[in-house]
Structures are given as C-alpha cells and as structure tokens.
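Let's take a walk through this structure together, starting with its sheet and then moving on to the helices. Keep the 3D view open as you read.

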Amino acid sequence: MNDEHYFSADPSVVFQRTEVETEVWGHELRLTSGSGVFAQGRLDVGTSVLFRETEPPTGGRILDLGCGYGVIGLACAVAARNAVVTAVDVNQRAVLLANENAEALGVADRFTASVPEAVPADAEFDEIWSNPPIRIGKAALHELLLTWLPRLAPGGRAVMVVGKNLGADSLQRWLGEQGFPTERLASAKGFRVLKTRRA
C-alpha cells in the first residue's frame, strides 16, 4: 500500500487506477481508486464501520471532509437523492478520482470535489461526514476540524469515524471542550463512530 503519500498535495508515486466494488446502505458502488490516494483498491476498515453503524443522510448540504477517492460523499449522494455534496481533499489525485466517480455514478450534478481553498468561504453545511486524516498529527487535525466544524449550519451535525488507538476518546473530549458536543454512536473493530453537534 502507498498510503504514506495520501495526504500529499501531489503524490510522487506512479498513478495507477484500481477498481473498488462495495455495497453501502443497500446501494452497489463501483468506484475507481488510485495509487497515492488513501485506501487504494479497497474500502478501509474505518469507513466500512462508519457505513455499517449509521443510517444514510436524508438530504441537505453535505461535506465529505478528506474525501479520498470519494466513497463517503458519493455514498451520501447515491443514498439521498436530494443531497448536494461538497467533497474536499488536499490530494489532487483524490479530487480527480472523486469527480470521475461522480460522473460514473450519475451524481455529478450534485457532487463536487475540490481542494479546500476552492470552497466558498461562506459555504455552510447541514452535515459533515468524514474519516478524518488522523495521521497528519494532532495539531494539524485540530486545525482542520476547527476550520470546518464552524461551517455547520445551526443544528447541523458531523459524523466521523476515528480509531480508538489513534485517539478517538481524547478527540471526543477535546471537541466538547471546543464547544462542539460529541457523543459516541458506536464502537466496532477498534473504531469509534462519533456524532458532533453544532450547539
């Protein structure tokens, strides 16, 4: 696996596409992943736990934060036909693949992937769905979350999956201390599914 490059803006590994087929919330998804992008050729365990332990969103404005090849945001778009999904990633390959996958799934009219700085500064979201990039380090992760969680609309929620051994419980406490009440929805296979509210 070449996951060590997945949070690079321009990964140095040779770009090779790999197909991924998975079922999410009762929908079959055929996607293309790629080298230098998180979870090449597979659905990672954390994201699979996130899907298995949640119900899909019903619609609204959704942000897929750290989208990789787009699986979370695309699953939201496919499951909720009136959802409008914005997906962000610093990895240019991830953005390319996510948009290609949206075209292939027929949801490109409601799904847009881009680098974070391309999202309008005044954009608000009803929900944020994420398997956040914990391995960028605590300081960078905190900065990332404090950049995007305030963009939740009043009453909005974020649903995230975080490895227990990667600090899920301390992250839950820290989010509460920042004014974002967070509860644990589920725990499975060493992962926590967290729900964060904008108070």
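Before we start, one term: two strands count as paired if DSSP finds at least two bridges between them. Keep in mind too that this is a predicted model.

Now look for the sheet. It is an open one of seven strands, with mixed pairing, and the order across it is E5-E4-E3-E6-E7-E9-E8. What stands at the edges? Strand E5 (111-114) and strand E8 (182-188) do, and because each has a single partner strand, one side of each is left without a neighbour in the sheet. On average, neighbouring strands here are turned by 15 degrees against each other, direction ignored.

Zoom in on one of those pairs. Strand E7 (residues 152-163) and strand E9 (residues 191-197) run antiparallel, joined by seven bridges. Val 159, for instance, has Lys 195 in E9 as its bridge partner.

Helix H4 (residues 138-148) packs on it, touching E3, E4, E6 and E7, with its direction at about 170 degrees to that of E3. Helix H2 (residues 71-79) lies across E3, E4, E5 and E6, and runs at about 175 degrees to E4.

That leaves helix H3 (residues 92-105). At its start, a side-chain oxygen of Asn 91 comes to within 2.9 Å of the backbone nitrogen of Arg 93. Arg 93 is also one of the buried residues of H3, a list that includes Val 95, Leu 97 and Asn 101. Among the elements covering those buried residues are strands E1 and E2, along with H2 and E5. Just after H3, Gly 106 takes a positive phi of about 75 degrees.

Key:
Residues numbered from 1 in each chain as written. Predicted model: local features only at pLDDT ≥ 70, side-chain atom pairs only at ≥ 80, totals over all residues. Heavy atoms only, no water. Helix = DSSP H or I, 4+ residues; strand = E, 2+ residues; numbered from the N terminus. Axes fitted to C-alpha atoms, helices over the stretch in contact; angles between N-to-C directions. Contact = heavy atoms within 4.5 Å. Buried < 20%, exposed > 50% of the residue type's maximum accessible area, 1.4 Å probe, protein only. Polar contact = N/O pair within 3.5 Å; in protein donor to acceptor, adjacent residues only side chain to side chain.
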